Amino acid sequence: MKKVHVQITLNGEETEFLCEPRQSLLEVLRDVLGYTGTKEGCLTGDCGACSVIMDGRPIDSCLVLGIEAEGKEITTVEGLADGDTLHPLQKKFLEHAALQCGICTPGFLVTSKALLDRNPNPTEHEIRYALAGNLCRCTGYDKIVRAVQDAASQMQGR
Amino acid sequence: MHALLLLHTVSMTTVFIPSLLRKLTGGKDRTTARGATVREIIEDLERQFPGFRDRVIENGDLTGSIAVSVNGEISAEGLHEAVPDESEIHFVPAIGGG
Amino acid sequence: MAARQEHKFKVIGTRPIRHDGVDKVTGRAQYGADIDLAGLLHGKTLRSSHAHANIKSIDTSAAEALSGVKAVITAQDFPNIEPGMAQMGELPVNPQHMSLNCIARDKVLYDGHVVAAVVATSPHIAEEALKLIKVDYEVLPHVQNVMDAMNDDAPILLPGLGKGDDGEPKDTNVANHVQFERGDIAAGFAAAEVIVEREFDTSMVHQGYIEPHNSVAQYSSDGQSTIWVSTQGAFTARDQTAMVLDMPASKIKVVPAEIGGGFGGKIPIYFEPISLILSKKTGKPVKMVMSRAEVLKATGPTPGSHIRVKMGADKDGKITAAEVWMAYEAGGFPGSPVGAGCMTIITPYDIENLKIDGYDVLVNKPKTAAYRAPGSTNAAMGSETVIDELAEKLGIDPLEFRRINGAKEGTAQAAGPKFGRIGYLETVEAAKTSDHFKSELPQVEGRRVGRGVASGFWFNAGFQSSATVAINSDGTANVVTGSIDIGGTRASCAMIAAEVLGLTAEEVHPVVADTESIGHTDMTGGSRVTFATGTAVYDAAQDVLSQLKERAAKSWKVETDQVTFQDGVFTCTTNGNESMTLKELSGKLPRTGGPVMGRASVNPRGVGPAFATHVVDVAVDEETGKVDILRYTAVQDVGTAIHPSYVEGQMQGGVAQGIGWALNEEYVYGDDGRLQNAGFLDYRMPTCLDLPMIETVLVEVPNPGHPVGVRGVGEVPIIPPPAAIANAIYSATGVRMADLPMSPPRLCKAILEKNG
């Protein structure tokens with residue numbers, strides 16, 4: 001199948017790739033660009049393991065075609081830390097033991113970042129609402145919600 | 001000499017008979033048996049209740065679905081498990097965890 | 001009573017950052033599907049959409065001709081495994097059934113059963129090729145309900161498999177019958193003031209791990225093979241694959257990738273042997289990853305069941321007799337956890353007169369696998385709701401009823417063996433005195449609210465583990481085990497070593513090794529890792545310590561027994577003030593005899609059982625049948641908690657799965673025998689928005705059988721939720737639910753029937 005040239009901004013870097021029109025953004029990120037931090041859980045947009053931020057909005061990258069990403073700004077879990085310094089969400093996920101197996105963690109981190117970027121001071125309900133598209137089967141969500149609350153507090157300087 | 005000594009020091013163990021094997025024991029739900037290992041206990045049960053061995057041993061080992069509890073602990077060593085004096089033995093289903 | 005005991009430990013009981021944490025929050029951690037190798041090919045499987053059919057022929061020629069396709073295989077490419085049993089770890093397995101479950105030979109037994117596999121240069125081409133394979137089936141009548149499958153005229157899945165109770169062969173779908181009987185149940189029921197008898201139907205449910213099964217295999221022309229896979233047991237995967245392919249186990253190296261959840265479902269093999277055969281055929285590495293639909297249709301869920309429970313109690317609330325009958329779905333091959341169901345169902349209680357019958361029944365559904373305390377959750381739905389009803393009829397508080405009957409040290413279990421030191425009554429007491437149980441029930445406008453309680457029991461497990469501990473020249477230590485880390489066991493093992501060696505948790509580096517780098521280690525399951533592998537690590541660290549004492553003695557030219565060790569410092573008891581830190585000594589190892597490494601391999605006794613008691617408040621919308629969880633508290637005897645955050649995490653995760661099982665999750669099959677809801681949209685697991693915070697109370701009754709008191713914590717928390725929620729729904733609505741899930745349509749119907 002003939003490949004198409006696509007240009008995106010990936011974690012702040014200008015990035016080009018060739019992909020088949022049938023390849024999802026998830027497949028492009030993982031198999032073409034080697035960004036395997038974004039995970040595949042269902043390919044039907046139900047689990048959120050493949051969440052990335054596209055132009056400020058959290059999306060399921062399994063439901064977007066690679067060619068649809070042309071000109072977009074994409075942030076994946078690999079783009080959260082600033083060099084050696086973890087993002088406050090990453091730190092708080094570790095401190096609160098908000099992960100067990102860790103397969104859903106990249107999706108939760110990315111979706112949480114998109115939430116805090118637009119709502120720096122969310123209520124517990126707003127956090128749960130924002131994360132309802134991300135499935136975690138290990139934690140029961142308790143420690144994830146607490147980690148997001150704590151990260152929000154820290155980022156607010158409280 | 002050594003073997004003789006062993007024989008003399010082995011005392012009786014209480015064996016609880018699984019309900020599906022009580023046809024072999026005439027309905028008895030427990031019995032006493034002699035032996036220093038699970039294998040020896042089963043051999044003694046076979047002497048008392050012919051046919052017993054084939055219901056719990058297959059191809060030289062405990063059948064897949066059965067485990068032996070010696071004094072409340074599932075035997076890690078199967079037929080080789082040592083049976084101390086005055087033990088209690090139960091045959092229970094073998095299970096695994098998740 | 002103080003729930004937590006004061007520790008004498010420095011590291012155990014603290015909450016360090018897990019060692020694999022940074023890799024997992026930055027996306028660096030490598031899971032099975034992340035593995036890439038030069039020349040990698042991609043494999044896909046063709047699966048039956050018939051629930052029961054004979055395979056007459058398979059034509060793969062058109063698929064083979066498609067450009068990009070490198071090979072197509074069927075069962076004919078696999079060795080024909082003879083019937084028989086083999087031991088794997090502690091557990092018996094049937095290699096023939098294992099083989100036929102990986103790829104069907106003559107007949108398919110469920111929707112999703114693999115019949116062929118394709119390998120191609122891209123996953124898309126492999127998928128296209130699947131459509132070109134022609135399979136000629138002779139469709140057979142199917143049976144999917146245990147009660148139907150036990151009928152004499154039911155279609156037989158595996159002719160010649162069954163045995164009657166007399167041990168003689170018989171054509172039946174009943175693969176096994178378990179029975180416990182003691183005392184005199186007729187006399188027991190005659191002595192009862194009240195008797196409750198109810199029947200329950202529970203649905204098949206899936207573990208629901210977010211990471212689909214995967215396997216990357218590389219066959220080498222020297223006959224050595226490597227498999228990278230997300231599995232609960234590297235050795236378990238290796239040994240099963242070797243059995244299915246009739247190869248010596250040593251010809252296969254399994255490299256365990258990070259694993260995205262398992263809960264029992266990643267103990268069996270699926271793609272490992274298929275990817276290896278495809279690699280052998282092509283000479284290239286082959287990656288296979290399941291779709292979610294494949295995971296739901298054809299990996300091992302946990303059985304649905306039909307359960308009858310009859311129990312009686314006297315006016316003082318003492319249970320006088322219990323009679324239980326249960327049939328569990330095995331799936332297409334034998335091996336449901338009905339034995340565990342029988343052994344756990346009334347085991348939290350001291351009951352003199354009992355009879356329990358359990359049946360393992362073949363049905364045209366996927367071969368079931370373990371799922372967190374396998375067999376116990378559906379069983380407890382039966383017993384714990386009947387107990388609630390007995391307590392209610394006698395006017396006794398349900399926790400008090402459990403206290404009256406609760407098992408303690410010396411109580412005989414249903415299967416006969418007596419308990420050692422257990423902490424069941426402590427969990428009941430802690431539940432009674434919990435903030436939650438003492439609080440007023442919250443009111444919700446337009447909803448009926450209710451509170452329920454339930455308990456659960458799980459054995460926990462020992463099995464085989466190996467560990468090495470090596471001292472680095474800078475005074476830190478490396479801990480190598482063969483235990484796959486699913487939820488924080490690198491941290492718990494490192495903390496145990498740190499405690500022994502007087503190091504911080506951060507000064508110990510835990511590694512999960514492949515099958516050529518450590519001694520045999522059984523799978524991560526049965527809540528065994530921190531207990532059994534923790535014991536191996538403890539012993540290996542002690543081994544290191546005694547070697548270090550020898551080195552210190554050597555450098556001081558004294559006898560070893562004149563050296564003591566405390567708080568990271570070696571002291572010579574005879575020369576008075578001579579002392580040296582572990583760090584200082586570590587730097588001197590090259591000149592006192594060379595490196596120091598400790599090792600231990602164990603198959604430990606002294607397994608400490610786990611008990612849990614849960615309290616839940618629900619709000620029921622009587623119009624729609626929707627149940628909201630308002631508040632949830634899980635109390636558990638966890639033994640010594642090594643890393644309390646991950647102990648709490650196990651409890652909270654188990655509760656969330658139990659809530660899903662209680663309220664929504666179920667396999668829905670059509671009349672055609674096909675799974676109707678093979679996706680996460682329709683197989684509805686709890687989301688963040690469905691749950692409240694989950695409160696935990698850690699009761700620590702140390703296990704006397706473990707060097708630091710570990711019991712194992714992972715499994716028991718899934719057991720009580722469905723029964724506790726059913727009891728809460730009754731308290732809210734007056735409706736006794738007997739079927740799982742208690743989904744909105746079912747509950748709505750029950751409420752309508754009650755209200756006439």
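Leaving out neighbours within four places in sequence, Ile725(C) is in contact with Gly452(C), Val616(C), Val618(C), Val627(C), Ile659(C), Ala662(C), Leu663(C) and Met742(C), two residues being in contact if their C-beta atoms, placed from the backbone, lie within 7 Å. The model is predicted: local features need pLDDT of at least 70, side-chain atom pairs count only at pLDDT 80 or more, and totals for chains, interfaces and linings use all residues. Residues are numbered from 1 along each chain as its sequence is written, while chains are lettered from A and ligands numbered from 1 in the order in which they are written.

Ile725(C) is also among the residues with the most contacts inside the largest nonpolar core, together with Ala497(C), Val537(C) and Ile729(C). This core has 320 residues. A nonpolar core is a set of buried Ala, Val, Leu, Ile, Met, Phe, Trp, Tyr and Cys residues joined through C-beta atoms within 7 Å; a residue is buried if 20 or more other C-beta atoms lie within 10 Å of its own. Helix α16 (residues 529–556) of chain C supplies the largest share of this core, 12 residues. Helices (H or I, at least four residues) and strands (E, at least two) are DSSP runs, numbered from the N terminus.

Chain C touches chain A through 42 residues, in contact with 43 residues of chain A. On this side of chain C, α1 (21–26) and α18 (644–663) each supply at least two residues, and α18(C) gives the largest share, 8 residues.

Towards chain B, 40 residues of chain C are in contact with 21 residues of chain B. β9(C) gives the most to this side of chain C, with 7 residues.

Methods. A residue is buried if 20 or more other C-beta atoms lie within 10 Å of its own, exposed if 12 or fewer, and partly exposed in between; C-beta atoms are placed from the backbone.
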